Amino acid sequence: PEARDAVAELPRAGVGHAAMLTGDSAASAERVATAAGVQSIHAGLLPEDKVRLVREMVARHGSAAMVGDGINDAPALAAATVGIAMGASGTDLAIETADAALMGDDLRKLPAALRVARRARRTVTANIAVAAGIKLGVMGLVALGVATLWMAVVADVGLTLAVVANSLRLLRPSRAASGSAP
């Protein structure tokens, strides 16, 4: 029942294309896709057909996430850039194969999970870039004889604390998630 809300929210979470891949009949898939607001429907698929389509989407779009819950979804979950299992009702194989699991089986959590993942990636990238830059700078100063070993140790400890503090910002809800303007 929450699928329509989740699909409507996906573009605001940065998803450019949503498709339904199912082994069900075309008539059944059409009814569910219409109710969920999905325009791209691929029905009557075998597991290998889902894998082929996911690989095509990765090639066309650069990346693709696959959300699934069954044994027949496991190969496509593995082929996707990110496989997401519906954890509470999903099969053990789907959950084990996927990169992440939505434990509440509420698809409305998917857009929020995508936003959190993007924030985490940006934070990790910033942490690595800043840490590498400062460490290279300190190494240069040490090589020039300007900085002492103790200054390098203090810079390293300070950098560690700064990276941890920057990462702790992820615990705060984002403005987009809380409904405020970005």
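Predicted model: local features only at pLDDT ≥ 70, side-chain atom pairs only at ≥ 80, totals over all residues.
Two strands are said to pair if DSSP finds at least two bridges between them. Strand β4, residues 82-86, is joined to β5 by three bridges, and Ala 85 has Ala 101 in β5 as its bridge partner.

Residues are numbered from 1 along each chain as its sequence is written. Local features need pLDDT of at least 70 and side-chain atom pairs 80 or more, while totals for chains, interfaces and linings use all residues, and side-chain values use heavy atoms, without hydrogens and water.

Now to the largest pocket, meaning an open set of points on a 1 Å grid, where a 1.4 Å probe fits, with protein on both sides within 12 Å along at least five of seven lines, and with lining residues having an atom within 4 Å of a point. Its lining has 44 residues, and Ala 19, Ala 65, Met 66, Val 67 and Leu 110 lie nearest the centre. Among the elements that give two or more residues to this lining are β3, β4 and α3 (47-61), but α6 gives the most, with five. By type, the lining of this pocket divides into 25 nonpolar residues (Ala, Val, Leu, Ile, Met, Phe, Trp, Tyr, Cys and Pro), eight charged (Asp, Glu, Lys and Arg) and eleven polar, which are the others, Gly among them.

Conventions. Helix = DSSP H or I, 4+ residues; strand = E, 2+ residues; numbered from the N terminus.
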